[in-house]
Number of protein chains: 2
Amino acid sequence: MLKQETLSKNQQIVLDYIEKVNEPIKAYSILHNVQKKGIKAPLQVYRALDKLVEIGKIHKIESRNAFVACKNSNCQISKATAFSICEGCEEVSEISDSKLSKYLKNFQDKAGMKFNKYNLEFFGLCKKCSIK
Amino acid sequence: MLKQETLSKNQQIVLDYIEKVNEPIKAYSILHNVQKKGIKAPLQVYRALDKLVEIGKIHKIESRNAFVACKNSNCQISKATAFSICEGCEEVSEISDSKLSKYLKNFQDKAGMKFNKYNLEFFGLCKKCSIK
DNA sequence: TACACAATGTTATATTATAACAATTAACAC
DNA sequence: GTGTTAATTGTTATAATATAACATTGTGTA
Ligand SMILES: [Zn+2]
Ligand SMILES: [Zn+2]
Ligand SMILES: [Zn+2]
Ligand SMILES: [Zn+2]
């Protein structure tokens with residue numbers, strides 16, 4: 001079978017919603033908001049999320065248990081992700097910095113382990129929150 | 001009041017256990033294993049974990065919802081952490097690389113956000129798992 | 001002593017995620 | 001088209017992770 005090129009119905013419903021809200025959103029919040037589209041159970045959401053993460057359409061913000069649409073057309077495979085997270089307003093943005101990604105892709109730890117994936121989360125205060 | 005210098009009873013019990021097992025361990029697994037010491041409820045474990053993370057004695061591996069003792073005497077404050085995680089055997093080790101930490105501490109995103117903390121998780125296969 | 005704050009104990013509940021199994025749909029080879 | 005395989009869906013139940021709320025006790029300090 002060829003590699004999937006189109007999303008399934010539930011995958012598309014979930015992705016549409018995540019792209020629309022345009023900020024990190026939690027699985028059960030997605031569920032509540034797509035029930036009018038016919039998705040009834042958590043598992044239907046989680047299965048769609050798994051696939052969307054796998055193909056790089058969305059990313060999981062691990063420290064927040066939340067999901068966000070990919071804003072970086074270069075990371076189609078979800079294997080090299082970096083985010084900045086404001087601890088004041090919880091605003092999250094995906095970092096797209098070629099020097100950073102190059103540095104991290106080439107990083108070798110002392111045990112010589114070869115990495116195929118990384119996730120980096122920076123925390124701080126955004127401009128708005130830091131002047132409060 | 002002076003800054004806490006000694007750990008409380010429950011904090012010490014939980015830390016002792018995490019240091020003993022010497023690998024990432026989950027909160028409810030900790031609970032089961034410290035019940036003989038008198039800790040009875042999840043909240044007692046989570047409160048101890050929160051404090052231990054705060055003071056840098058342990059770290060949370062976000063992608064695994066697990067906790068591990070700090071192996072890097074330099075990161076007493078839990079604000080700059082990096083781990084390598086084997087996706088085969090789930091072995092986790094804390095990365096201590098001064099060049100990496102310097103690079104990340106000084107990283108500035110395009111929005112000029114000032115970071116005070118980061119967490120980086122690398123994924124791959126350890127030597128043992130990669131020859132299988 | 002009185003005060004402030006940290007830590008504890010306890011019960012209940014909220015939140016996040018997966019197991020198990022049956023049924024349906026989509027893609028492909030022939 | 002038919003048969004085959006894998007992906008997807010639907011459904012119920014349950015597991016795993018984490019916090020709310022509130023009363024109580026301990027600890028350092030003035
Ligand atoms: Zn991305
Ligand atoms: Zn902010
Ligand atoms: Zn550490
Ligand atoms: Zn391994």
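**Exercise 1. Placing a residue in chain A**

In which helix of chain A is the place of Y28(A)? State also whether Y28(A) counts as buried, partly exposed or exposed, and give its C-alpha separation from A41(A).

*Solution.* The structure is a predicted model, and each value below is computed from it.

Step 1. Y28(A) belongs to helix α2 of chain A, which covers residues 27-34.

Step 2. The relative accessibility of Y28(A) is 44%. Partly exposed is the class between under 20% (buried) and over 50% (exposed), so Y28(A) counts as partly exposed.

Step 3. Along the chain, Y28(A) and A41(A) are 13 residues apart, and 9.4 Å separates their C-alpha atoms.

**Exercise 2. The architecture of chain A**

Describe chain A by its helices and strands, their order, its extent and its buried share.

*Solution.* 

Step 1. Chain A contains 5 helices and 5 strands.

Step 2. Read from the N terminus, these elements follow the order α-α-α-β-β-β-β-α-β-α.

Step 3. The C-alpha trace of chain A spans about 50 × 50 × 25 Å along its principal axes.

Step 4. Chain A has 132 residues, of which 40% count as buried.

**Exercise 3. The protein surface near DNA strand D**

Identify the residues and elements that surround DNA strand D, and describe the contacts made by S8(A), Q44(A) and R47(A).

*Solution.* 

Step 1. DNA strand D is surrounded by 19 residues, and the closest are Q44(A), R47(A), K26(B), L43(B) and K60(B). By class, this surface holds 6 nonpolar, 6 polar and 7 charged residues.

Step 2. Consider the atoms of DNA strand D within 4 Å of the protein: 47% belong to sugar or phosphate, and the rest belong to bases.

Step 3. For S8(A), an N or O atom of the side chain is 2.7 Å from a phosphate oxygen; for Q44(A), the corresponding distance is 2.5 Å.

Step 4. R47(A) is placed at a base: a polar atom of its side chain lies 2.5 Å from a base nitrogen of DNA strand D.

Step 5. The elements that supply two or more residues to this surface are α1 (9-21) and α3 (42-54) of chain A, together with α3 (42-54) of chain B. The most is given by α3(A), with 4 residues.

Step 6. K26(B), one of the closest residues, is located in the loop between α1 and α2 of chain B. Its relative accessible area is 47%, so K26(B) is partly exposed.

**Exercise 4. The zinc site in chain B**

Which residues coordinate the zinc ion (ligand 4), and what geometry does the site have?

*Solution.* 

Step 1. The SG atoms of C86(B), C89(B), C126(B) and C129(B) coordinate the zinc ion (ligand 4) at 2.3 Å.

Step 2. Along the chain, the donors follow the spacing C-x2-C-x36-C-x2-C.

Step 3. The angles among the 4 donor atoms are 105 to 114°. Tetrahedral requires all angles to lie between 85 and 135 degrees, so the site is tetrahedral.

**Exercise 5. Positive phi in two loops of chain B**

Where are N22(B) and E90(B) located, and what is the phi of N22(B) and of E90(B)?

*Solution.* 

Step 1. N22(B) is in the loop between α1 (9-21) and α2 (27-34) of chain B. Although N22(B) is not a glycine, its phi is positive, about 60°. With a relative accessible area of 47%, N22(B) is partly exposed.

Step 2. E90(B) lies in the loop between β3 (80-86) and β4 (92-94) of chain B. E90(B) is not a glycine either, yet its phi is positive, about 65°. Its relative accessible area is 36%, and E90(B) is thus partly exposed.

Terms used: Residues numbered from 1 in each chain as written. Chains lettered and ligands numbered in written order. Predicted model: local features only at pLDDT ≥ 70, side-chain atom pairs only at ≥ 80, totals over all residues. Heavy atoms only, no water. Near = heavy atom within 4 Å. Polar contact = N/O pair within 3.5 Å; in protein donor to acceptor, adjacent residues only side chain to side chain. Nonpolar A, V, L, I, M, F, W, Y, C, P; charged D, E, K, R; others polar. Donors = N, O, S within 2.8 Å, 3.2 Å for Na, K, Ca; no water. Tetrahedral: all angles 85-135°; square planar, octahedral: opposite > 155°, others 65-115°. Buried < 20%, exposed > 50% of the residue type's maximum accessible area, 1.4 Å probe, protein only.
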